[in-house]
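Please examine the structure shown below.

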Amino acid sequence: MRRSVLAAALLAVPVASQPVPFAFGGPQADLASAIDVAPDGSFAIGGETAGSYDPDPGPGDATGPNGGSIDGFAAVYDADGTFRFAIPIGPPGPSGVDDVFDVALGPSGELAVVGQAGRTVDLDPGLGTREVGGTSPSVFLAVYEPDGTLRWGFAGDFDFPQRGYAAFDGDGNVYLAVTVNAPVDLDPGPGEAIVDAGQGAALASYTPGGDFRWGFALDGNHLSARGLAVASGRVALAATLVTGAIDVDPGPGETVVDAGGIIDWVAATYSSADGSLESAFAVGASGPRGAVSGIALGDDGSLAIVGAIDRDADFDPGAGEVLVADTSGSDGTGAVAVYAPDGSLRFAYGLGSTRVRGVDLADGRVVWTGYFDDPFDADPGAAEVPVAPVRGFDIVTVSLSVSGAFEWASAITGDGTGDNGLGVGLSGDRALVTGQFS
């Protein structure tokens, strides 16, 4: 089945202020798994595609080269959807596992891309070359100027590439979160910043010019990075932890979190200045199908986290108990939770068989996206707002206030059964969603 990349603007405000929805893809399976939206409304998307593709929705032809069976891509657009530039991730290596995991737009319009090089890839889309990678998959991080020229980039000796996430702060510093299972040098320069965490989550920061600022790894039992967000001097990391406890403090102190589940959701915030721990908690008590799928951080310190549980889960990190019930049996239940700046729970609710894939939080609003194949109640409060799919696995996006008041819900229905919203970004009153449709 062919699956196409989807970039769609959901209509929270009049149509005239929205970019026109568009799609592109190769002859086989494609997806756009990441999106970031700048304050001016410009946006970037990233993901993977099989075969050549034209990311320009206008009359121009920006067809990218294809170096393997699956290549990564990143593309940037103006607020109205006008194409700016694209970065092909694939050539010259013949690997079939090149990918873009995440994209982020900086304060001056620069673009950060984190992804996977199956073997060797050229990060420079221009006449020059910046080849990274080797004989086995590795994670790369690259930053591009607002016109698409390469600023800097490197590939780490990440022996277990399994998603990665990038973000900027207001000063243009770059942040990277990735899962590793061997010693890794986080410093792309001549220095060394080697961390070793078994299979754990690594978090690092770099200057706008690519110099190493700080970094560490958290040693846990199959601790996997599942999301990254930066706002107002704080860095939020989401991870899943398999059976056990984890010390989330990278310094000499010890802050152990453990929710007692087979898979726990872990959320921790750190100072963007030096990586020191600010807060952390574990939630869930999930079974083997539970997992975090996204995290968002607001300028006021509010935090949103989304994912799936497959047993009743306590989302209150304090002394109280706020249970979200698993209502979908062995298939698991989607869940959304929002926390106040002081870490107290504002609300949490379950979504039946709906799967939440992406979340963003800004200006007192939280918006999530994903897919669903059964009706669910989109309102976390006492009222009911039923949303029903037209066909199996439709895309759904829901907007709420950070206090849990329902604002709107929107579904996108295709002819097939594999539609999925994978990423969402907020800018003012607009919510932009990207993903795939069958």
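In this predicted model, Tyr-349 has a relative accessibility of 6% and therefore counts as buried. Phe-347, at 9%, is likewise classed as buried. A search of the whole structure finds 19 aromatic pairs. In one of them, the rings of Tyr-206 and Phe-212 have centres 6.0 Å apart and planes at 65°, so the arrangement is edge-to-face. Phe-347 and Tyr-349 also form an aromatic pair, which is tilted, with 6.2 Å from centre to centre and 45° between the planes. Elsewhere, ring pairs join Phe-22, Phe-43, Tyr-77 and Phe-83 into a cluster.

The largest nonpolar core comprises 24 residues, and Leu-203, Leu-228, Ile-246 and Tyr-270 have the most contacts inside it. Strands that each supply at least two residues of this core include S13 (164–168), S17 (200–206) and S23 (263–271). Its largest share, 4 residues, comes from S20. Beyond four places in sequence, Leu-203 touches several residues, among them Leu-176, Trp-214, Phe-216, Leu-228 and Tyr-270. A second, separate core has 23 residues, including Trp-152, Ala-166, Val-184 and Ala-217.

Is Asp-171, by contrast, buried or exposed? Its relative accessibility is 64%, over the 50% threshold, so Asp-171 counts as exposed. Asp-171 lies in the loop between S13 and S14. Apart from neighbours within four places in sequence, Asp-171 is in contact with Pro-107 and Pro-208. Asp-171 and Ser-108 are 63 residues apart in sequence, with a C-alpha to C-alpha distance of 9.2 Å.

Definitions and conventions:
Residues are numbered from 1 along each chain as its sequence is written. This is a predicted model: local features need pLDDT of at least 70, side-chain atom pairs count only at pLDDT 80 or more; totals for chains, interfaces and linings use all residues. Side-chain values use heavy atoms; hydrogens and water are left out. A nonpolar core is a set of buried Ala, Val, Leu, Ile, Met, Phe, Trp, Tyr and Cys residues joined through side-chain atoms within 4.5 Å. Buried means under 20% relative accessible area, exposed over 50%, partly exposed in between (1.4 Å probe, protein chains only). Contact means heavy atoms within 4.5 Å. Rings of Phe, Tyr and Trp (its six-membered ring) pair if their centres lie within 6.5 Å; planes under 30 degrees apart count as stacked, over 60 as edge-to-face and the rest as tilted.
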